[in-house]
Amino acid sequence: LEVETDRIANSVQQIRTNRISSADTEWDKYWCTLRDPDHTRYQIITDGVAMRGSDTAPGMGGSPTMLATRQKEMDFDINCRLRLLRGEAGISLFVNDDHHHDLFAKRTEDGRITVGTRVCIEGLSAIVESKTLEETEEAITLQIAAYADRYVYTVVLDGNRKIELGESRTKYLSSEVSGDCFGVMIGLYSYNPETSGGDETTAIFSHVECEFLPDGRQAHQSD
């Protein structure tokens, strides 16, 4: 007797991936775009991705230039190297247009870089902390450390100098607050309000490392 069922057979082994690296990731398997993407804005390169930012940022509706992977654990670490050529780019912890937390870097009019943390709750957006770098940085490293109750934001400059950019509460991205039940997406994004640059790349992400900690941060640190 054969019966059709949607149950996964016992013989199937599901492999859990707790670490995603741009050095060996399958971008089409572990990363996704939002809504109706323009695929010409993405170019997979060695150990990373180059983006041509559109005039739509996360939270503005439409389809921002963003590659995202799902937050699978409460505790995780993500860091990446960012070379910002123009506009704004960063990491967005995204639920929907009204609920997202962003670690961003933005080119100023005089060519310097402003880094900061932005929190959007119920459509109300505020800058938690920001700092304009005095140095002319070729590239910076973005870091987010996630705990059960908070996200912690850091930017690392050449010479290993760290800039702490505050925290935000995880509860504001929960389904109880956002109203969505699809979870949090961790997105690399590029936004360029001045689209006159044509086909020029606006941001390059490299050395992307995202590690989920299913046994918690304490257990991971004791290993």
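The charges of this predicted model number 23 positive and 38 negative. Their mean positions lie 3 Å apart.

The chain holds three helices and 14 strands. Its radius of gyration is 18 Å, close to the 17 Å that the globule rule gives for 223 residues, so the chain is as compact as a globular protein of that length. Along the principal axes, the C-alpha trace spans about 75 × 40 × 35 Å.

Burial and surface come next. Of the 223 residues, 47% count as buried. The accessible surface comes to about 12100 Å². Carbon and sulfur atoms account for 45% of that surface. Contacts can also be sorted by sequence separation. Among those between residues at least 6 apart in sequence, 61% join residues at least 24 apart.

Arg118 has a relative accessible area of 13%. That value is under the 20% cut-off, so Arg118 counts as buried.

The side chain of Arg118 makes polar contacts with the side chains of Glu88 and Tyr189:

| Side-chain pair | Polar contact distance |
|---|---|
| Arg118 and Glu88 | 2.6 Å |
| Arg118 and Tyr189 | 3.4 Å |

Notes
Residues are numbered from 1 along each chain as its sequence is written. This is a predicted model: local features need pLDDT of at least 70, side-chain atom pairs count only at pLDDT 80 or more; totals for chains, interfaces and linings use all residues. Side-chain values use heavy atoms; hydrogens and water are left out. Buried means under 20% relative accessible area, exposed over 50%, partly exposed in between (1.4 Å probe, protein chains only). A polar contact is a pair of N or O atoms within 3.5 Å; within protein, one must be able to donate a hydrogen and the other to accept it, and residues adjacent in sequence count only if both atoms are side-chain atoms. Helices (H or I, at least four residues) and strands (E, at least two) are DSSP runs, numbered from the N terminus. The radius of gyration is taken over C-alpha atoms; the globule rule is 2.2 Å times the number of residues to the power 0.38. Contact means heavy atoms within 4.5 Å. Accessible areas come from the Shrake-Rupley method with a 1.4 Å probe; for residues, only the protein chains shown count as cover. Lys and Arg count as positive and Asp and Glu as negative; His and the chain ends are not counted. The place of a charge is taken as NZ of Lys, CZ of Arg, CG of Asp or CD of Glu.
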